Structure formats: structure tokens, C-alpha cells
Amino acid sequence: MRMSIIFTPFFPGKQNTLFLVFCTFLFSTWLAGQHVLIPIETSQNALVLQVDKDNHLGIIYFGRKLGPGNDYGTIPRQYRQEENNAGIYNSAYTPSGSWSLVEPAIRITHGDGNTSLDLQYISHQTSKQDENVSVTTVLLKDPVYAVEVTLNYKVYAAENVMEQWTVIVNKEKKPITLNKYASSNLYFIADDYYLTHYHGTWAREMKPEETLLTAGIKVLDSKLGTRANLFQPPTFMLSFDKPSTEDEGKVLFGTLGWSGNFQIDLEMDSYHNLRLIAGINPHASEYLLKPNQEFKTPSFITTYTEHGKGEASRNLHNWARKYRLLDGEGSRLTLLNNWEATYFDFDENKLAGLFKDGKKLGVDMFLLDDGWFGNKYPRNSDRAGLGDWQENVNKLPHGIGYLVKEAKDAGLKFGIWLEPEMVNPKSELYEKHRDWVIRQPERPEYYFRNQLVLDLSNPEVQNFVYGILDTLFIKNPDLAFIKWDCNAVTFNANSAYLKRTGQLQTQLYVDYVKGLYKVLEKIRAKYPKVPMMLCSGGGGRVDYEALKYFTEFWPSDDTDPLERIFIQWESSYFFPAIATCNHITDWSSLPLKFRTDVAMMGKMGYDIVVSKLSEKDLQFSQQAVVNYRSISDVVWHGDLYRLVNPWEKPFASLMCVNENKSRAVVFSYLTGNRYMIPTVSQTPVRLKGLDPKKKYSIKEINLYPGTQSTLGADMVLSGEYLMTIGFNPDVNARRSSVIVEVVEVK
Ligand code: GLA
């Protein structure tokens, strides 16, 4: 690791408060007028920080990077925005209780009860981790109280992604209380701001809404605790000047890497500039920091482009695969899940039959879902047994080990469902360890899917949850996959453990998530590679911190392919196809080919009764698994381009292109099958991301047995042609989904 210190003035190691105050004063005076400039640049963009005459750190520029010879320092002169009624709007980390009267990024209560904070610039440095990645840190201190704040800006230059977090250190003699402690505070200057944010609920995730921001504060937040993004994810797009399209417009994507309550404030100031503050939700979350303790906030991840939403999403995908998602550049297992085939009604023999079905289908793995555990309270419905992770002796008399072996003999890997953070009140776990459950002892319990949440702030509970997985892996070293579910929100947020240990109850929301990460960290230290799916009865839980530990996620329980096209379309802006689990189920009566083609645009799996498939459906599915295997490299690792938007047209079209532009796959789906619109794709679909100079063959794949492609054979067209004129996939009511392979011809 090469370290280049840009600017770090000497500061004594041993400080007492007075000395600190004195030095800071001297230093501030010296600095005044220095106007330290801190440009933080990616390959295309720049965030520029500057220290003002009062030693406060502000943001003076965010946007396209300027070439050499341009002085960012002169930018403020071009804006005559010097009215100071509310303090400094453009603060890079707005403190509360002193000179600023706008929404703060940080609010604290000092050991002596005082609630004021000022943050002044002390030093900054940039360290380069490699040619692409560097971290700029800026140290800020309060001149009166011994509180230090370090702002961190980690830049992934080629991907144009910036990750920001903040570290707050208490150097006071007494504990301080953090009342608000955001990860990031940004500032934008544009004509207008168009926010696209998402809402929904179970089976209706990722409904987008675009709004012109007006004066006041728009808040995106969650207070649900676990599975925090059930109704709203911490994920949004912000277009500047005018709404962006797929290929045009200035747009920032933002997402918080935190699997708990979040708050994103978008405040328009009196200059019509926009302040953005993102982090953990301060709601009921005061956090105590003892002397010399530090608090590291989660990461807020952004990417910015001036070329529309498509490029922003590719930036995030490239970054996620390379730097964040577990095994992001690896491969994934196709699978047969038994949830919708059996629900809770299965036994060893039935499962053995399903293994054979999986083999017949040709998938890599069988995934045993909910219902395999609990003896005193057997898990035969979602009303009982959760928490009792012992095989049910009636259903599985020979245990999981036997199933793993049977699956292996059938030629399949074996994976298993767990919901380790939860408990049914009807369980032995609840009977034995009521103090492990998040509940208010004096109040009635509230259930979400008949269950309660375990208190992961408690180290004993962390060990218990770790032990569930560890025991399974120790007993079954061939276990190949975990589906980690999380179906309840946190009612009655109260921890017996925090009470017993004399800690603040308001730390529960945060300590829960920290506890969860501790468990995941420990699991990954021992089992670094086993693929795990992050699931939450829908899109209730996916974020870029959790994805450090998971290889994939479940975007929605809604597997109706028509609905799914929209959910996958929106979710694809933020998360890459390799991480997005799409299963073919019987939720819909739409043709099996349509359901399969929709699942193929991500990580494909099955959740159907194979034995009930007609001969042709089985033949089609067997071939589909083979076809998927042949295109999966392009889908998992290629660049995604959205071609026709189903919110605007009656069909959706999108494509993935491999890195050297020699292969692509184009998916097209009919979404608006209306009377008298027999042929919806009357115009060609223009492709993107190809090499204009290359020649490509166009071939329809994944055809249903007995049907012929209407595209004609031997179509060879240039990249230029395909990107200028396009080709017509001929999507219509009789051909409601079409997959085309585009291969370079030499
Ligand atoms: C959640 C998941 C489903 C299934 C059930 C089991 O709803 O999303 O896929 O695993 O739990 O109870």
C-alpha cells in the first residue's frame, strides 16, 4: 500500500482539553485565508471540498471533473451566494447547535449536557490503495469540546463510484451521546432536482416515483428495524436540471450500505441548492460513546454520470462485482427449490423424489426450504417451530446428512433454508430464552408472520445464530448453499440484554445490525466461499453492506413474470444480474417459456413441480437449463443495457454484452398484450454496447419445442447497423418473449 500524505500538520499525541483548544485556535488562525482545497476525483467526476476563512469545510463543486490547468478554487467566486442567515449551507458535515440552523449531519450531547458542536478543519490526507482506489480522509475537530470527526471518501476511479463514511471519536472525559450521526453530507447546485425513489410492500417491491424536489425537506426513511426496506429501500436516483433518461442526463445514484433503519434527507436551501444527508435513522437511536470510543457510520455509496441512468447502473454493477458483492466475479448455482412445490408438506421420500426431478431438469442444486425442523413444536406452518433448528424426526428421521448424501447420489448439490434471526412464540427457544427475544415485557406482543425477532445486540444470541450455521456445516461439510431468510419487522423494540448491561435502549436498532454483521463476519471467516442468498419474503432486505457476505438476494416473493419484469428492471439499476435470484414458479398461468425467459435475465432457479410438467414443458426446461448455462457468463459478468422501457412501451427489451463485445444476449418481453395490438414490436429495437465495426450473427434461442423462429436464419449484421437501425425481435401475442443471441462473426 502506497501512502501519499498531502497535508497533515503536526499535532501532539497527548492532549488535554485546554491544550487542544489552544492549538486548534493557533492552527485555525494560521489556516485562515489558506483556503485549503481538497479535490476528490474519479476518472470522470470531482467532489471538491474547501476550507473557508472560518476554518469550516464546505463543498464548492460536485460534477464533471475539470481538466488540468483549471482552478477549482475560483468556482465560489462565480456564485455570489453569501447570505448567511442559516449558517453555511454547503458544509461537508453540518454540525448542530452552533452556527448552522439547517438540517444537521451530526447532533451530539456532550458529557456536560451541552448540545453545541462546531467542526473545524485540522488536516487531510489521501492514501492510494492501488492504481484505481484511494481514500481521502479529512479530520475535523470541535475547538471547544474534545470531539473529533473524520470524513472518509473512498474513490473507485474507473467505476466512478464514491463510498463515504464518517468516524466520530469521543476524546472527552465523560460519555457523549450521538443524537444524529450521518454517513454523508453532500451539496449540489443545479437548476432543478428530480428525485426517483422507490416504495412498495410485500410482492409489490421497487415501485418507482419521480418527483421534482421543491422547497423544504424530502425524507426517505425506514423505522422497521429488521428487513428495513420492506416499504422503501435506501436507494434512489437524483437527476440534475431535468429528468434523465437511460442514455442522457446528469444523474447521481445513491444507496446506503446498512441493513437497518435509514434516513436520507434532501433539503432545498434558500439558493435553490440541494443538501443531501444520508445515514442511520436517528429515530429512537441515541448512541452512547464512552471516552476514547469511536463510532464508524455505515457507507453511503454514490455514482455520478452525465450520460444517463444506464451508465450509472453499469458503474454500480462494475463496482459491485469487483469490489463488494461476495464472489461477484465468480459463478452461481442453478437450483430447484421445493417451497412452492411442497410448502411445509414433505418428508424424506418426497424429497428424494424431488432430487431425481432436479437431476432430470439438469440444475446444479436442490434447495430445501422452510419446514424441516422443530419437534416439540413441529414447523408444519408458519405458526410454530421457528428457532428450534433440529431436524423434525417424523419428516426427516435420518437427518440432513442423509439428504445431503441422497442429493449427492442423485448428482446434485444440497442447500438449505434458515431464518436464524427469528423465533415463533410457539417454540422451545422462546420457552427457554424469552430474554433473547426483542419484546416489551409489560406490553402485548405484536407479531409479523407469527414471529418475533431475536435480540442480536446480545452476544449470546450472536453465538446462537452463528452456532446454527456452524453446526450445520460441521455436521454436513458438503452443504453447498444457504438461503438466509428474514421475515419480520421489529415491533416493541426493547432489549433485555441492553437493560441488564446498563446500556441505552436506543442503541438497539444499531447494535442489532452490528451484531448481525459480527455473526456474518465470523461465518465468512470460517466459511468464506459457501454461496448464501439474502432473502426477506420479498425485497425487504438488500444493501451493499449485507452483500459483502452474500452472493445473491431475493428481490421479491412475487414471481409472476409480468410483475417481475418491472421489479427486476428497477432493481437492476442498483444491483447486478449475477446477484439477482429469479425463480420460475407456478404463480402465474403465463406460458412456461415466458416465465423462464424472464428468470434468465438474472440468476435463474426453479420452484415448480417438475413431475407435473407436460412432456414438452419438461423438454423445454431441460434445454433452457442448458441454454442458460451457455449464456450465463454474458448475463452474470457482462454490461447491461436497457433498450425498450416497459413503463413507456408495451414491451421490455434489454441486453447484456460481454467485455470484448464479441457476444451479447437480448431479452424481449411483451408486457401490454392489448386487443388489436397483434404485433407490438413494429419498429426495430436498437442495440447498444456493441462494436460498430464488428459483424454479428443474430440467432433466436430458447425456443419452445415445435416452434420456429420468425427471425429468419443467417442474419449477419454489423454492430453499426444494429446500433443505428436495430433489428426486430418480432414480439407479439404469439411470441410473448424472445431471447436472441448476438455473436461476433469473424
Ligand atoms: C419467505 C421466502 C419464501 C420462502 C418462505 C418460507 O416468504 O421469501 O421464498 O422461503 O419464506 O417460509
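**Note on helix packing and the ligand site**

1. Helices H11 and H12 are roughly parallel to each other, because angles under 35 degrees count as such. The axis of H11 (residues 561-571) comes within 10 Å of that of H12 (residues 592-599), and the two cross at roughly 15°. Axes are lines fitted to C-alpha atoms over the stretch in contact, with angles running from 0 to 180 degrees between N-to-C directions. Helices are DSSP runs (H or I, at least four residues), numbered from the N terminus. The crossing of H11 and H12 is left-handed, meaning that the near helix is turned anticlockwise from the far one by less than a right angle.

2. This is a predicted model, in which local features need pLDDT of at least 70, side-chain atom pairs count only at pLDDT 80 or more, and totals for chains, interfaces and linings use all residues. Residues are numbered from 1 along each chain as its sequence is written, and side-chain values use heavy atoms, with hydrogens and water left out.

3. The axes of H8 (residues 459-475) and H10 (residues 508-526) come within 9 Å and cross at roughly 25°. H8 is therefore roughly parallel to H10. Their crossing is right-handed.

4. The residues around the ligand (a heavy atom within 4 Å) include Trp339, Arg449, Lys483 and Cys535. The shell divides into four nonpolar, two polar and six charged residues.

5. A ligand oxygen atom lies 2.5 Å from a side-chain N or O atom of Asp557. For Trp417 the corresponding distance is 3.1 Å, and for Asn487 it is 3.4 Å. Taken alone, the ligand exposes 300 Å², of which the protein buries 95% (Shrake-Rupley method, 1.4 Å probe).

Terms used: A polar contact is a pair of N or O atoms within 3.5 Å; within protein, one must be able to donate a hydrogen and the other to accept it, and residues adjacent in sequence count only if both atoms are side-chain atoms. Ala, Val, Leu, Ile, Met, Phe, Trp, Tyr, Cys and Pro count as nonpolar, Asp, Glu, Lys and Arg as charged, and the others, Gly among them, as polar. Angles under 35 degrees count as roughly parallel, over 145 as roughly antiparallel, 65 to 115 as roughly perpendicular and the rest as oblique.
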